[in-house]
Amino acid sequence: MKLPCICPSCQQQLKVKSLRCEYCETEVNGLYTLPLLAQLSEDEQDFILKFVKSSGSLKDMAKQLNLSYPTVRNRLDDIISKLNNYE
Amino acid sequence: MNNKNLSLINPFERIAGLKALIIGLIIYIATVVLGQINGIAYPGVISIKLASLPLLSALGIALSALIIFILILYIIGRLISKSRIRPVDVAGTLTLAKVPLLLVSLVGCIPTFTKSSIEVTNSLLSSITGNASTASGTDYLIMSIFVIIIMVATIWMLILSYNAFSISCNVKGVKAIAGFIIAAVLTECICFAILLADFQGIL
């Protein structure tokens, strides 16, 4: 199941209100901001995972994804820009 | 639009860099050589002219125009982009973007098209030169078809060139469009100046 990050009503960032342990039924309530990486879209998170698994080599990523080097670099730059805006 | 169609106007998501440069250069040189054999020259970014030139001159003019365009777009890309730009990506994608011009050279291999174009051009100039017009209605029709093919190839090439610039320099929107137009106009002006200087024996 996909974790929603944006409010479907007003398009603002959602926050985490409650976390629950499925083993001992402990529930933690509060108002927690989602981690930066969790605020990215599924595609972007997948991209970052592939980036880390490629040891940060855009060249290897481009081969893996069958995309050109500038395309991969542009996607990374877009994610960096998005993360900077969230901060 | 599916991915297969997209690759006709933006293949640079899949191919760039040295690979694009080598493929693009081979096709572009073939385009210029085929064009030269049939009296077609490519002296600028969007210029396609009927001209009989020696092979070396035709290649020199066409490659110079391409190199100047690449250099200007690289400089503009460096100025307006926040990303690191690799010169080989700019050169490769822009060279590959010239592929549609091969269509013009291939159509030019059919003698009817160039012959009719020359007849119509001479006919249009006959009022100035005083020579009798020899172009027939068929010549006008054939030349019109040739002009449409040239327009389609040129528009396709321009779209590819813009996408090449956008992807290789990571620029979008108004800045990218303005930068591209400035580069195209500057390149045409510089190429025209070089041709004029060559014609006047300055170079």
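User: Which residues of chain A does the UniProt annotation "domain: DUF2089" cover?

Analyst: According to the unreviewed UniProt entry, residues 7–35 and 40–84 of chain A. UniProt positions follow the numbering used here, feature names are shortened, and annotations may be inferred rather than shown by experiment. This is a predicted model, where local features need pLDDT of at least 70, side-chain atom pairs count only at pLDDT 80 or more, and totals for chains, interfaces and linings use all residues. Residues are numbered from 1 along each chain as its sequence is written, chains are lettered from A and ligands numbered from 1 in the order written, and side-chain values use heavy atoms, leaving out hydrogens and water.

User: What is the helix and strand content over residues 7–35 of chain A?

Analyst: Helices (H or I, at least four residues) and strands (E, at least two) are DSSP runs, numbered from the N terminus. Residues 7–35 of chain A are 0% helix and 45% strand, whereas residues 40–84 of chain A are 80% helix and 0% strand.

User: In which sense do strands E1 and E2 of chain A pair?

Analyst: Two strands pair if DSSP finds at least two bridges between them. Here E1 (residues 15–20) and E2 (residues 27–33) of chain A are antiparallel, with five bridges. Leu19(A) has Val28(A) as its bridge partner. Six residues separate the strands of this hairpin, and Glu25(A) in the turn has a positive phi of about 65°.

User: How do H3 and H8 of chain B cross?

Analyst: Two packed helices are described by the angle between their axes and the distance between the axes. The axes of H3 (residues 55–80) and H8 (residues 173–199) of chain B come within 9 Å and cross at roughly 145°. Axes are lines fitted to C-alpha atoms, for helices over the stretch in contact, with angles from 0 to 180 degrees between N-to-C directions. The contact residues of H3(B) with H8(B) divide into 18 nonpolar, two polar and one charged. Ala, Val, Leu, Ile, Met, Phe, Trp, Tyr, Cys and Pro count as nonpolar, Asp, Glu, Lys and Arg as charged, and the others, Gly among them, as polar.

User: And the annotated spans in chain B?

Analyst: In the unreviewed UniProt entry, "transmembrane region" covers several spans of chain B, including 140–165 and 177–197. Residues 140–165 of chain B are 100% helix, with end C-alpha atoms 37 Å apart. Residues 177–197 of chain B are also 100% helix, and their end C-alpha atoms lie 30 Å apart.
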